[in-house]
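This report describes the strand arrangement, the helix packing and the nonpolar cores of one structure.

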Amino acid sequence: MSFIVYILKSLKNEKYYIGQTVDVEKRLLQHNKGLSRSTKPDAPWKVVYQEMFPSRREAIQRERFLKSPSGWKEWKEIKTNLLS
């Protein structure tokens, strides 16, 4: 089973959200149905980036890194590549 770190972009206000899951399509539906408190106000969302990992532990580590101050530079590079 693969675990996926994904980045969503709000179609409402262009905010971004980083998460991890096993099933990106199912998780996107949950976000867009308002079932996630943190993303509900900014729905609808679209998936703009994904990375696959062999374990949940690695996916969680990557998600936390991208959300951390030390991962900010890398997140900024990913975001720049999404915009170009």
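## Sheet

I4 stands opposite M52, a residue of β3. β1 and β3 are paired in the antiparallel sense over 8 bridges; strands pair if DSSP finds at least two bridges between them. Helices (H or I, at least four residues) and strands (E, at least two) are DSSP runs, numbered from the N terminus.

The model is predicted: local features need pLDDT of at least 70 and side-chain atom pairs pLDDT 80 or more, while totals for chains, interfaces and linings use all residues. Residues are numbered from 1 along each chain as its sequence is written, and side-chain values use heavy atoms, with hydrogens and water left out.

The order β2-β1-β3 describes an open sheet of 3 strands with antiparallel pairing. β2 and β3 (45-53) are the edge strands, each pairing on one side only.

## Helix packing

Helix α1 (residues 24-32) lies across β1, β2 and β3 and runs at about 145° to β3. α2 packs on the sheet, touching β1, β2 and β3, and its direction makes about 165° with that of β2. Contact means heavy atoms within 4.5 Å; axes are lines fitted to C-alpha atoms, for helices over the stretch in contact, and angles run from 0 to 180 degrees between N-to-C directions.

## Nonpolar core

The largest nonpolar core has 9 residues in all, including F3, V5, F53 and W75. β1 (3-10), α2 (56-67) and α3 (72-83) each supply at least two residues of this core. Such a core is a set of buried Ala, Val, Leu, Ile, Met, Phe, Trp, Tyr and Cys residues joined through side-chain atoms within 4.5 Å, where buried means under 20% relative accessible area (1.4 Å probe, protein chains only).

Technical notes
Buried means under 20% relative accessible area, exposed over 50%, partly exposed in between (1.4 Å probe, protein chains only).
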